[in-house]
Amino acid sequence: MASLRLTRSASRALLRPSLSSSLSIISSSSSSSSSSTTITSPNFISRLSHLFPDFENSRHHFNVSKKNLSLLSNFRPGIAWISTSSGVADNSGKGDQNNKNVAGDPSWIDVYLPRGIQPYAKLARLDKPIGTWLLAWPCMWSITLASTPGQLPDFKMAALFGCGALLLRGAGCTVNDLLDRDIDTMVERTKLRPVASGLLTPFQGICFLGFQLLLGLGILLQLNNYSRVLGASSLLLVFSYPLMKRFTFWPQAYLGLTFNWGALLGWSAVKGSLDPAIVFPLYFSGVFWTLVYDTIYAHQDKEDDIKVGVKSTALRFGDSTKEWTTGFGIACISSLALSGYNADIGWPYYAFLAAASGQLAWQIWTVNLTCRADCNRKCVISL
């Protein structure tokens, strides 16, 4: 891939446009037209400005340094697209002695999107799409199982659920950042998130949340009535999940219940009802899978979690994490096998399931739980 080269002046022009100058352009262009004189109203401009992030007053204002400009020349969209953590890779395997926070390093959002919407894109984690994939996979499994034998899955339904996964994941991240904004400022990996850093106000976050939920409602209304009710009920899990880490050592289990709701919804969207013998084992296989990858992921933050006073399965299991995650992995594969058996799927399903179990075993037993970068890397490989 060809390197992306930007001059210093061009980079500043792309990454740091002035909001005040943008508003002045709106004002000047509006004053020249009698049909839009209301736009020049100071009250209107004042209200409009609240929807734009306050770059100058944020506690961690993003400055384009010489180091960041040099990183732009080596920017590789493919790699940034699967990144899920602010940490850099530590190939030494010796913990995090040389691991540094690069949350301020440019991503494709900083390079290609207008500055006014960059914080919103980061709030929805558009630069870290692994969460969307993890939310979408159970939906795709269920839609595929519900398809007529001998025929391909309904691609229109799969596309709807893909868009829904993107929107619901973004809404979930927004809720999480709004509720955890005080905690995030004390955690190294999360302190530069838009709400925690002050780049976006809670009001702006709530407005963005409403926008995402409105788009999600448009997708939900295209499903049958049974699925509409089932899909809407998942919002209770979405809104309550961020609070679980304050009360229980099992927030990863609650995340599993939330993230794998699509295993139920995908089937009902195709069939109009649920078949418990097939979809319940499929649903719980996803819950066990989430317990595997998110427990590994939680080991990145265990020192900060102790300091802040929040809970996780990483803290609950401690040195027994690999034994626990092995048990969850066995339960995941067994549940998938049971779901496939009840759906009367042929032998190729079990051949691929055996390959998946080998990959999952390798992921669990080779992860270095004392190395943040390796925990992040194994979580990405979980896809």
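This is a predicted model: local features need pLDDT of at least 70, side-chain atom pairs count only at pLDDT 80 or more; totals for chains, interfaces and linings use all residues.
**Exercise 1. Compare with another positive phi.**
Asp-344 also has a positive phi, about 60°, although it is not a glycine. Where does Asp-344 lie, and is Asp-344 buried or exposed?

*Solution.* 

- Step 1: go to the loop between helix H18 (321-342) and helix H19 (347-366); Asp-344 lies there.
- Step 2: apply the cut-off, with exposed meaning over 50%. Asp-344 has a relative accessible area of 69%, so Asp-344 is exposed.
- Step 3: Arg-125 is buried, whereas Asp-344 is exposed.

**Exercise 2. Work through some salt bridges.**
How many salt bridges does the structure hold?

*Solution.* 

- Step 1: recall the idea. Side chains of opposite charge can pair when their charged atoms come close.
- Step 2: get the count. The structure holds 12 salt bridges.
- Step 3: zoom in on one of them. The side chains of Asp-180 and Lys-245 meet at 2.8 Å, N to O.
- Step 4: look at burial. Asp-180 counts as buried at 2% relative accessibility, and Lys-245 counts as buried at 15%.

**Exercise 3. Take on another linking pair.**
Asp-301 forms a salt bridge with Arg-189. How many residues apart are Asp-301 and Arg-189?

*Solution.* 

- Step 1: check the distance. The closest N and O atoms of Asp-301 and Arg-189 are 2.4 Å apart.
- Step 2: locate the ends. Asp-301 is in the loop between helix H15 (276-298) and helix H16 (302-308), and Arg-189 is in the loop between H10 and H11; the pair links distant parts of the chain, 112 residues apart.
- Step 3: check accessibility. Asp-301 is buried at 8%, and Arg-189 is buried at 15%.
- Step 4: while you're in the loop between helix H10 (181-184) and H11, find Lys-191 too. Lys-191 is partly exposed, with a relative accessible area of 24%.
- Step 5: check Lys-191 against Arg-181. They are 10 residues apart in sequence and 8.6 Å apart in space, C-alpha to C-alpha.

**Exercise 4. Find a pair within a helix.**
Asp-374 forms a salt bridge with Arg-377. Why are Asp-374 and Arg-377 separated by about one helical turn?

*Solution.* 

- Step 1: find helix H20 (residues 372-381). Asp-374 and Arg-377 are three residues apart in H20, which means about one helical turn separates them.
- Step 2: check the gap. The closest N and O atoms are 3.2 Å apart.
- Step 3: compare accessibility. Asp-374 is buried at 7%, whereas Arg-377 is partly exposed at 30%.

**Exercise 5. Describe a helix pair.**
How do helix H9 (residues 155-179) and helix H11 (residues 202-220) pack?

*Solution.* 

- Step 1: know what to look for. Two packed helices are described by the angle between their axes and the distance between the axes.
- Step 2: read both values. H9 and H11 pack at an angle of about 160°, with their axes 9 Å apart.
- Step 3: classify. Over 145 degrees counts as roughly antiparallel, so H9 is roughly antiparallel to H11.
- Step 4: The crossing of H9 and H11 is left-handed.
- Step 5: sort the contact residues. They divide into 13 nonpolar, six polar and no charged. Those on the H9 side include Leu-160, Cys-163 and Gly-164, and those on the H11 side include Pro-202, Gly-205 and Ile-206.

Conventions
Residues are numbered from 1 along each chain as its sequence is written. Side-chain values use heavy atoms; hydrogens and water are left out. Axes are lines fitted to C-alpha atoms, for helices over the stretch in contact, and angles run from 0 to 180 degrees between N-to-C directions. Helices (H or I, at least four residues) and strands (E, at least two) are DSSP runs, numbered from the N terminus. Angles under 35 degrees count as roughly parallel, over 145 as roughly antiparallel, 65 to 115 as roughly perpendicular and the rest as oblique. A crossing is left-handed if the near helix is turned anticlockwise from the far one by less than a right angle, and right-handed if clockwise. Contact means heavy atoms within 4.5 Å. Ala, Val, Leu, Ile, Met, Phe, Trp, Tyr, Cys and Pro count as nonpolar, Asp, Glu, Lys and Arg as charged, and the others, Gly among them, as polar. Buried means under 20% relative accessible area, exposed over 50%, partly exposed in between (1.4 Å probe, protein chains only). A salt bridge is a side-chain nitrogen of Lys or Arg within 4 Å of a carboxyl oxygen of Asp or Glu.
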